[in-house]
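Hi everyone, thanks for making time.

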Amino acid sequence: MPAIVLVGAQWGDEGKGKATDLMGSDVHYVVKFNGGNNAGHTIVIDGEKYALHLLPSGILTPTCTPVIGNGVVIDLEVLFREIDGLEARGVATDKLVVSANAHIIAPYNRTLDKVTERFLGSRKIGTTGRGIGPTYADKMSRNGIRVQDLFDEHILEQKVEAALGLKNQVLTKIYNRRAISVEEVMDELLPYAARLAPMVADTSLLLEQALNDGKNVLLEAGQATLLDVDHGTYPYVTSSSATAGGACTGSGIPPTRVSRVIAILKAYTTRVGEGPFPTELFDDNGEFLRKTGAEYGTTTGRPRRCGWMDTVIGRYATRINGVTDFVVTKLDVLTGLEKVPICVAYDVDGVRHDEMPVNQSDFHHAKPIYEEMDGWWEDISACRSFEELPENAQAYVLRIEELIGARVSAIGVGPARDEIIERFPLLD
């Protein structure tokens with residue numbers, strides 16, 4: 001059975017959990033393949049809201065096995081706090097599997113993340129300060145701590161000591177902070193080992209066996225295309241690969257096993273943190289989108305920057321990820337607007353760009369070229385077929401579909417998990 005990749009098509013917070021819910025019990029494994037607790041999903045089930053930060057969204061589906069892949073960086077305190085919170089609400093978490101090769105966020109990574117961001121001042125990236133970037137930096141410099149290291153105290157101590165040799169120099173001599181002792185780090189990490197051990201496995205082998213057994217495996221990205229470290233709006237990006245290519249490296253599944261790439265596209269555009277945003281609104285329309293769409297970060301609570309739909313970004317996501325299907329979420333938020341603009345291209349110093357500018361400076365200076373669609377006033381939350389939508393809402397979706405170059409297979413019309421229209425099946 002082939003694997004399915006699920007990615008965000010914008011700057012995150014598009015509502016990837018909606019697609020996971022739609023596939024429901026037909027998905028047997030949901031794999032988080034990148035990122036850490038610097039992003040989150042909000043899922044509403046029977047009026048109950050669940051905010052997931054590190055756990056895969058499949059944790060809420062009883063028939064599904066949730067997997068944290070090797071491409072993820074794990075804050076153990078956050079992991080177990082999230083597990084305990086779900087179990088206190090009656091959600092079983094005993095199926096969770098964690099890759100032995102996933103990297104662990106050490107306390108010094110969090111400290112360095114926060115002090116570095118403050119040091120940058122006006123040049124700050126807008127990180128969440130949770131140690132994600134420094135942990136990935138350690139991984140790439142081959143100085144990281146992996147899950148499997150927790151089970152050999154001697155190896156763990158050696159790795160922590162080696163890491164602190166340099167990091168304490170940076171903390172004390174550059175940032176004027178106190179040094180962190182090896183004992184502090186060991187005392188924080190080691191107590192989690194016994195509880196974590198039963199969850200740990202060779203997840204690449206596990207997923208290969210699942211695919212061979214005819215199971216559906218969904219590879220779920222954290223963050224989104226425009227936050228990908230290679231293909232996003234660098235340097236205002238995350239520290240991992242959030243595009244479809246990252247699904248293979250972050251899970252250990254070869255690309256030949258992937259048959260479908262589903263991208264989530266919000267019916268408008270949002271972004272958290274710093275960086276360029278061509279369609280950003282600073283007027284009443286921006287505040288309308290923020291309040292109506294409840295656009296506040298799941299993990300940070302920060303207000304999201306809001307703007308109109310940008311199909312230049314949509315086309316880029318289609319190309320970079322090889323998107324086969326889009327899910328457009330939060331269409332209901334646009335209800336009540338007389339006109340709904342769509343960005344179809346950019347103007348950069350008098351030159352029209354129908355595709356993403358190759359240069360960062362051009363993207364910073366890009367001005368949106370809009371096409372206006374007629375709005376609608378009807379409540380669409382009860383619609384369960386495309387034909388039930390108001391004609392103007394249908395026209396808006398069809399125009400987006402035409403502009404982004406891939407079919408819109410599903411449409412979110414409300415916050416609840418069942419408030420969605422399935423135009424075309426997301427699973428064969």
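I'll go through the salt bridges, then a charged patch, and then a couple of spots in the chain. One thing before we start: this is a predicted model.

Okay, salt bridges. Side chains of opposite charge can pair when their charged atoms come close. How many salt bridges does a search of the whole structure find? The count is 23. I'll pick out a few.

Take Arg110 and Asp75, whose side chains meet in a salt bridge at 3.2 Å, N to O. That pair links distant parts of the chain, with Arg110 in helix α3 and Asp75 in the loop between β6 (73–74) and α2 (76–88), 35 residues apart. Buried or exposed, Arg110 and Asp75? Both Arg110 and Asp75 are buried.

Next, look at Lys159 and Asp149, another salt bridge, where the closest N and O atoms are 3.0 Å apart. Lys159 sits in helix α5 and Asp149 in the loop between α4 and α5, so this pair ties together parts that are 10 residues apart in sequence. Here the two partners come out in separate classes: Lys159 is partly exposed, because its relative accessible area is 29%, while Asp149 is buried, at 5%.

Arg423 is in the segment after β20 (420–422) and Glu401 is in helix α13 (residues 391–404), so parts 22 residues apart in sequence get tied together. Arg423 has a relative accessible area of 23%, so we call it partly exposed. Glu401 has 17%, and that makes it buried, because the cut-off for buried is under 20%.

There's also a network of salt bridges, and it links Asp13, Lys266, Glu295, Arg304 and Lys330. The unreviewed UniProt entry lists Asp13 and Gly40 under "binding site". Where does Asp13 lie? You'll find Asp13 in the loop between β1 (3–8) and α1 (16–23). Asp13 counts as partly exposed, because its relative accessibility is 24%.

Follow the chain on from there into α1. Seven of the eight residues of α1 are buried, so this helix is largely enclosed by the rest of the structure. The buried ones are Lys16, Gly17, Lys18, Ala19, Thr20, Asp21 and Met23. Just after α1 comes Gly24, which takes a positive phi of about 50°.

Which residues form the negative surface patch? They are Asp152, Glu153, Glu157, Glu161, Glu183 and Asp187. Two elements, α5 (153–174) and α6 (182–189), each give two or more residues to that patch. The largest share, three residues, comes from α5. If you're looking at the helix and wondering about spacing: an α-helix has 3.6 residues a turn, so residues three or four places apart point the same way. As for Asp152, that one lies in the loop between α4 (132–140) and α5. Asp152 is partly exposed, because its relative accessible area is 34%.

One last stop, back in helix α3 (residues 107–120), where you'll find Lys114. Lys114 is partly exposed, with a relative accessible area of 44%.

Definitions and conventions. Residues are numbered from 1 along each chain as its sequence is written. This is a predicted model: local features need pLDDT of at least 70, side-chain atom pairs count only at pLDDT 80 or more; totals for chains, interfaces and linings use all residues. Side-chain values use heavy atoms; hydrogens and water are left out. Patches are made of residues with over 30% relative accessible area and no salt bridge: like charges are joined within 9 Å, nonpolar side chains (Val, Leu, Ile, Met, Phe, Trp, Tyr) within 5 Å. Accessible areas come from the Shrake-Rupley method with a 1.4 Å probe; for residues, only the protein chains shown count as cover. A salt bridge is a side-chain nitrogen of Lys or Arg within 4 Å of a carboxyl oxygen of Asp or Glu. Lys and Arg count as positive and Asp and Glu as negative; His and the chain ends are not counted. The place of a charge is taken as NZ of Lys, CZ of Arg, CG of Asp or CD of Glu. Helices (H or I, at least four residues) and strands (E, at least two) are DSSP runs, numbered from the N terminus. Buried means under 20% relative accessible area, exposed over 50%, partly exposed in between (1.4 Å probe, protein chains only). UniProt positions are given in the numbering used here, feature names are shortened, and annotations may be inferred rather than shown by experiment.
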